Amino acid sequence: MSSRKKLLLKVIILGDSGVGKTSLMNQFVNKKFSNQYKATIGADFLTKEVIVDDRIVTMQIWDTAGQERFQSLGVAFYRGADCCVLVFDVTAPNTFKSLESWRDEFLIQASPRDPDNFPFVILGNKVDLDNRAVSVKRGQQWCQSKNDIPYFETSAKEAVNVELAFQTIARNALAQETEAELYNEFPDQIKLNANDNGRNRDGDNCAC
Amino acid sequence: MWVKPQEIYLKTALWDTEETSLYFVLQCRKGHGKSKGLSSLLVGTLDSVRDTKPAPYRILHQTPNSEIYYVIATALTEQQIRQDWQWLIDNVCSTLHSFDTEEEVTEFVCCKINSVMATEQENITEDEDTITYKNVDYEFHQRFNMPKDEKLVCYYSCSYWKGKMPRQGWMYLSVHYMCFYSYIIGRKTAVKIRWADVTELAKTHSLIFPDSIKVVTRDAEHYFTMFLKKNETFALMQQLANIAMKQLIDDKSGTFNIDKDLLTKLSKNVPKKASFLKRDLDARKQSNLYTLRFRLPQTEKLDGTEACTLWTPYNKKHNWGRLYLSQNFICFDSRVLNLVRLTIPLRNVHQVERADSGGTGSSGDSGSILITTAHHTSFLFGNISDRDFLVHKISELLAKLPNDVYREKAIRAMAKLENDSHWTPQPPLMTLFKTHQTSPIKQMQQKKEKRWEDHMAEVGRGVSMYQTTDGSELVVSGLPESLRGELWSVFSGSILQKAQNKGLYERLVNEALSSKNQANDEIERDLHRSLPEHRAFQNDIGISALRRVLCAYARKNPTIGYCQAMNIVASVLLIYCPEEQAFWLLATICETLLPDYYNTRVVGALVDQGVLEELTEAHLPELHAKLDELGMMKMISLSWFLTLFISVMPYECAVNVMDCFFYDGAKVIFQVTLTILDINHEKLLKCTEDGQAMQVLNEYLEGIYNEEAMALSTEPRTEAKTIKIQDLIYRTYRSYGSTVTSEHIEHLRLKHRLRVVKQLEDSLERNTLRALQQDKLLEPNELHDLLSIIREELFWAKRVPCERLEAPYEAYRLDYTQFKSLFTALSPWAKGDYAEAITARMFKLMDHDDDGFVSARGLSVAIGLSTRGDAQRRLRALYCAHAPPLLTHQDLRPTHFTETGEEVADDAISFFDDIENPPTPEPLALSGLQRSISEVCGEGSNMDKSTDSTTSQTGSPWEGYTSESVRACGLAGLAGSSPPSPGPAPPPPAPPLPRAHFLQLLAALHDLTKHSAPHYEAVVLAGTLLLQLGELNHRRPDLEREMSQDSLYLAAAAKQSSTSTMDPNGNTPDEQEIRRTQSQESESVWSITLEQFLATMLLQPPLEEYFNEKISLVPQLEALKQRDRLHSVS
């Protein structure tokens, strides 16, 4: 596959309800913060073109519903993801504890080819608030224990680290995408694989 | 009329043949019908001379190579016999070709006719539960090994296709099962399928299985053919399967009750059928349709219906239709669709009178009644055939109405008492937070209001307004903002709920706000994320009202609690309705209009996604294929449905959709969705991936506009305008108004519910299995079997997997009885006399939160440890199960267990004493202890002493051990039980065992090993050593540290001496010594530590081997499976 082709990177944002997934996405894409978002139902997405290592890529960022009862419904969006962003709220320890299950659920449902090296990025959001309850160290430790996942402390409200985090997300997603290309050197094969994936996905859909 | 097949040898004498087929002959007796001639005359004479007049028409069965004929049907008229003939041709003939021999054909035909006859006779008898029914019921329970309380609903004659052969037999439909049984030519066929396992029910017609009902389960497909009443049978099957599904969704209806009320209510109208239950189900179905049609509370039960006319004053006409009567309502629906519909709550009825010749002179006068309501509105019904009965019935119902004047007073008084609450319900928020309106919009709204005022002047206002075609047209063009709240409540029927539940809202709010729970937390987080663009919700007044409504609803309906999207819907309701009315509208949406949408698994929304998919496939096949390819068919409209378009369309447009939704029901969202897809057809077909398609639809939806109302957001619109909302709705009604009906939707919902619930069940099971496998004790296939057995067990306990879980396996919760039955069947530890005690202790060990329930994981771990854990883990688990505080002194009292358990415990103790002191006539230790106990507490267990002393002493070695830490120790090594750290963490410390506890443990070990001499001896030896150790600890409580070293030494010594010093009774020379020391009373504490216990036990090679043995569970699991199932036995 030629690298001339315009690249589309699919990024999924997961995390408990109210950690700021929609705000982070909007801060990155539209460079603004609003406290007037409705709770996300089902899923939503925005796209943004970014330049990574001199290549123009389109990031397609999927924002999902966080409430537990919607968790199994989101799986349809997971397929074909190039990177998964897990968000927690540094003022709410429970949202940190959920990271593990979000990660597991994603790996099970998306079943990427190489689960151990699938790119995740962890964002500890709302660092602008005073009542912090999850320490930097705790966040970093967890990320290290999970095969050194990149960890960023962000504030969607004050645009802290958001740009940087999404740059990393884009780069890692691109690396994943490029690796995927290496696997499929012949165009024919791609087609076959795409079909196969489609069938698997259908099977996965049943899980919802 | 079918007759019992009877052999005859002569087929032609006295009979003319009218029709023949390969296996059947239709004959007419000479002298009847068309046949003329001498012989016929003669026969006619013969017949009249003889007393036995044979019926003049008959059908014979014959096979080509046989001389024998069977009479299978007779009839008095040609028409009747033709009917029977046709039935044979349609249903039986095609099947007969599949038999190999003619004997089989004959056998089959005779059997078929017999069963058909039985069914017909059934219909003739009018008794409630006829004798035949009782016999069948008995047979049903016998043949299928059904529990006594399983209720047979109905049974039908039919054929089951086993391979390529049809088997004639009976289909039995019961509350939880569908079964089939046949016994032909020595071959038995039995099928037993649980409704909860059915994934698909369909009427099919294929060459191989003509005109059949297909039943699909996870494992197999079954075909049934040749029903006498296929439609009735199918409808009943569908209903039963759905009841099973509903049970799986919602545990409120977990137990199935025969609703006696319903039964008596409908007895007048329902044709007599086999069983009570069938009738009950019919009644239930009718009542469901009735409440759905008139938007009545779901508890309403239809009493009867009557054809009549309704006089509509606004156009001065009598309209034919049907009057419906139930305990709280009189309703009317016109025969012409949507012409006029009326609901009169009986509580409003002031007077019912016979209205004779009112002077209008029209046909409506005969049999008229006039109903006057409290608001001095009159309704005139005419042409009632049985007027007196109806009037009588209505007055009866009126008399039965609860006299709620007093009740209301009481409630009001109570409310006053309680009313120290700090809130007052808010009026429609739109009246508090007015949005600025430009003058053209103001005029538009006023014009709308005027039209509605005029309309309501004609048809009345409130609950009992005539809902007419004119009204529908006004709704479609959008309601005026000021009337929205009122009309939504009337259309949806929520106004009735409110009226029936006075004071409830206030009570719920007070209760909900004072409690703390997960739902409230979730609600709190979303309050500012509901309708933030509206000023009302940028203010505490609106936020508080929203909090109250959502919390009160979570309180009212805990199976739903709070689901995101409800906040969005509720905030819109609050804009237009007074607070309490908004609450009842929300309740109506959640429970009636969008059933199961917001429950913990969003089942309803998933069901409707399936329904939408099927509708799309039917109406827009090309687009369906495309969306399916993009893999987005199932997710596309989740948020559209859950938020009634509020989150995807501009607010001022979505409310117009809501107008229609409340007026016409859930079908509207389907219709609108289809229209939107249709409009974007071309663009969607060009999309190459899901994101692109989403974008197309989002842009379209955001571009919808409404010129008749003010936009909520003040920001200039960025999206290009796409369509006027009114145009979209007109187009919707034009395209799909008549093709997508409520009945159709309901039907599809039934169908898809089976599939969705099954998928949810499967995924729950998969997740549970995945979680259980992490414990690495049992094999995956064993876990799979175990889980299906657990499900079966819970199924019979009529308990469904519960919601709100921390982990998937928490969904399956077993109480002690269920735990016991499975643990006893599967674990080698629950085989001996001590089974009950060990089971009870393992249950306690696994019951993490002491709530009397153990999860599926608890059971699998308990069984897994006892069969697969290494010796150390097994012994540790046993030890901890006997350690305080898990095992309390109450537990040590034999009375803790059941009748049998008591005996067991007593036995065990005396058993132990036997081992300890076989030759001694009077067990010194025991009597000594008993004496001391009776001194201390007067009565109670002989084992209390040591624990009493331990717990009463401060600074004792038992201080600081909680049930939790002991459990953690006992179960150390399981997935997730220790904090995630590299390498296996050492188990937390366990408390030492007091003597009484240790004796129990030792007794249990004796019991486990008693069938194998070497193991048993090893236990005796180790036990003796440990008792000695305990004594040592006892004497030198201050030297505990050293003693654990001692223990190793002692154990080693024992190992050496094990062969030489033991006598055949298992006594060691030290026994005397032990007994002596035991009888001495001492202030210090007798104890054994876990380390001592493990070291001593594991130093006995037979024991190490015994507790390391891996035991397969496969045979036991198979046996358990056989116990419950006989899926397809032949």
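Glu179(A) is partly exposed, because 14 other C-beta atoms lie within 10 Å, a count between the 12 or fewer of an exposed residue and the 20 or more of a buried one. This residue belongs to a predicted model, and its place there is helix 6 of chain A, which covers residues 162-183.

**Chain A: confidence and distance**

- Chain A has an average pLDDT of 83, and 83% of its residues score at least 70.
- Where does pLDDT stay under 50 in chain A? That happens over residues 185-208, for which the model has 20 contacts beyond four places in sequence.
- Glu179(A) and Gln67(A) are 112 residues apart in sequence, and their C-alpha atoms are 33 Å apart in space.

**Chain A: helix 1**

- Is helix 1 of chain A largely enclosed or largely open? Eight of its 10 residues (the helix covers residues 21-30) are buried, so the rest of the structure largely encloses it.
- The buried residues of this helix are Lys21(A), Thr22(A), Ser23(A), Leu24(A), Met25(A), Asn26(A), Gln27(A) and Phe28(A).

**Where chain A touches chain B**

- How many residues does each chain bring to the contact? Chain A brings 27 residues and chain B brings 29 residues.
- On the side of chain A that touches chain B, at least two residues each come from strand 2 (43-52), helix 2 (75-78) and helix 7 (187-205).
- Helix 7 of chain A gives the most to this side, with three residues.
- By class, the residues on the side of chain A that touches chain B are 12 nonpolar, 11 polar and four charged.

**Chain B as a whole**

- Chain B has 1130 residues, and 46% of them are buried.
- Its secondary structure comes to 45 helices and 23 strands.
- Take the contacts in chain B between residues at least 6 apart in sequence: 66% of these join residues at least 24 apart.

- Leu615(B) sits in helix 20 of chain B, which covers residues 603-619.
- Why is Leu615(B) classed as buried? The reason is that 24 other C-beta atoms lie within 10 Å of its own, and a residue needs 20 or more to be buried.
- Setting aside neighbours within four places in sequence, Leu615(B) is in contact with Phe670(B), Leu674(B) and Val740(B).
- Leu615(B) and Phe670(B) are 55 residues apart along the chain, with 8.4 Å between their C-alpha atoms.

**Helix 20 meets helix 24 in chain B**

- Two packed helices are described by the angle between their axes and the distance between the axes.
- For helix 20 and helix 24 (residues 667-679) of chain B, the axes come within 11 Å and cross at roughly 50°.
- That angle makes helix 20 of chain B oblique to helix 24 of chain B, because it falls between the under 35 degrees of roughly parallel and the 65 to 115 of roughly perpendicular.
- The crossing of these two helices of chain B is right-handed.
- Helix 20 of chain B makes this contact through Leu612(B), Leu615(B), Thr616(B) and His619(B), while helix 24 of chain B uses Phe670(B), Thr673(B), Leu674(B) and Leu677(B).
- Sorted by class, this contact between helix 20 and helix 24 of chain B has five nonpolar, three polar and no charged residues.

Note on methods:
Residues numbered from 1 in each chain as written. Chains lettered and ligands numbered in written order. Predicted model: local features only at pLDDT ≥ 70, side-chain atom pairs only at ≥ 80, totals over all residues. pLDDT = per-residue confidence, 0-100. Contact = placed C-beta atoms within 7 Å. Helix = DSSP H or I, 4+ residues; strand = E, 2+ residues; numbered from the N terminus. Nonpolar A, V, L, I, M, F, W, Y, C, P; charged D, E, K, R; others polar. Axes fitted to C-alpha atoms, helices over the stretch in contact; angles between N-to-C directions. Parallel < 35°, antiparallel > 145°, perpendicular 65-115°, else oblique. Left-handed = near helix turned anticlockwise from the far one by under 90°.
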